[in-house]
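Student: Could we go through this model by question and answer, from the chain as a whole down to single residues?

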Amino acid sequence: MVRKLTEMRKWTEETVSNGGSNLRTFVTCNLDSDSPRSWLFLPRIDRKNTNGSMRIQMGVKYSLRKCELTNPERKENCKQSIEVWYRRYRGERGWDETVDTKKFHEDDWTLRTILHPVGRSDENEMTVSDATVEYTWDGEDEGLYLAFLDTGSCSSLMNIEVWTVIYWDREREDSLSH
């Protein structure tokens, strides 16, 4: 379940064709505002469900429309990037599996990275890109919320995968086998 903050402009869920199969995407293009801010939240990732992993990785396939193709009157609002934000969950009351939009305060969130176009352009002049974002658990973290913020890029999120990374302690494994 993905949650949108509709009060701050919104993402639209769409289905697009991708080589004979349908792909569920989230799309936004709010260049009509002087300072568009469209949030899209992923459900909380609970640390207890990560098999002791210290790291989370998120793979994202996304596209961004080229700024030169937007309305010339609003071209200055086009950013051609998507921001990835996170919020640590440390057992606070009132925070459940999804972000409570009534309790949302942007100051509670931390910017993790900015996704830029790095891929190829398709026939619609959209740049399709792939990125991996990594997060390392803090000792007090019980969970993690991830969010995307569009600030005027005409973007599509085509695939989001989250997985845990577990590293083996080779020295410990060697000492146990002797």
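This is a predicted model: local features need pLDDT of at least 70, side-chain atom pairs count only at pLDDT 80 or more; totals for chains, interfaces and linings use all residues.

Student: How many helices and strands are in the chain?
Tutor: Helices (H or I, at least four residues) and strands (E, at least two) are DSSP runs, numbered from the N terminus. From that end the elements run β-β-β-β-β-β-β-β-β-β-β-β-α. The count is 1 helix and 12 strands.

Student: What share of the contacts in the chain with a separation of 6 or more is between residues 24 or more positions apart?
Tutor: Contact means heavy atoms within 4.5 Å. Among contacts with a separation of 6 or more, the share from residues 24 or more positions apart is 79%.

Student: Which residue takes a positive phi in the hairpin of β2 and β3?
Tutor: Two strands pair if DSSP finds at least two bridges between them. β2 (residues 12-18) and β3 (residues 21-28) are antiparallel, with 7 bridges, and T12 has V27 as its bridge partner in β3. The hairpin has 2 residues between the strands, and the residue with a positive phi near 60 degrees is G19.

Student: What is the bridge partner of F26 in β12?
Tutor: β3 is also joined to β12 (residues 155-165), in the antiparallel sense and through 3 bridges. In β12, the partner of F26 is L157.

Student: Is T25 buried or exposed?
Tutor: Buried means under 20% relative accessible area, exposed over 50%, and partly exposed in between (1.4 Å probe, protein chains only). T25 lies in β3 and, beyond its neighbours within four places in sequence, is in contact with T12, E13, E14, V16, L157 and M158. Its relative accessible area is 2%, so T25 is buried.

Student: How many residues of β11 are buried?
Tutor: In a regular strand the side chains alternate between the two faces of the sheet. From β11, G143, Y145, A147 and L149 point one way and L144, L146, F148 and D150 the other, and all are buried. β11 is largely enclosed by the rest of the structure, because the number of its residues that are buried is 8 of the 8.

Student: What is the bridge partner of I82 in β11?
Tutor: β11 pairs antiparallel with β4 (residues 38-41) over 4 bridges, where L40 is partnered with F148. It is also antiparallel to β5 (residues 45-46), with 2 bridges, and I45 stands opposite L144. β7 and β11 are joined by 8 bridges, again antiparallel. The partner of I82 is D150.

Student: How many charged residues are in the lining of the largest cavity?
Tutor: A cavity is a set of points on a 1 Å grid over the protein atoms alone where a 1.4 Å probe fits but cannot get out, and lining residues have an atom within 4 Å of a point. The lining consists of I56, Q57, M58, Y86, R112, V133, E134, Y135 and L146, with β6 and β10 each supplying at least two. Ala, Val, Leu, Ile, Met, Phe, Trp, Tyr, Cys and Pro count as nonpolar, Asp, Glu, Lys and Arg as charged, and the others, Gly among them, as polar. The lining has 6 nonpolar residues and 1 polar, and the number of charged residues is 2.

Student: What is the relative accessible area of I166?
Tutor: I166 is in the loop between β12 and α1 (170-177). Not counting residues up to four places away in sequence, I166 touches T50, N51 and S53; its C-alpha atom is 7.6 Å from that of G52, 114 residues apart along the chain. I166 is partly exposed, with a relative accessible area of 45%.

Definitions and conventions. Residues are numbered from 1 along each chain as its sequence is written. Side-chain values use heavy atoms; hydrogens and water are left out. On a 1 Å grid over the protein atoms alone, a cavity is a set of points where a 1.4 Å probe fits but cannot get out, and a pocket is an open set with protein on both sides within 12 Å along at least five of seven lines; lining residues have an atom within 4 Å of a point.
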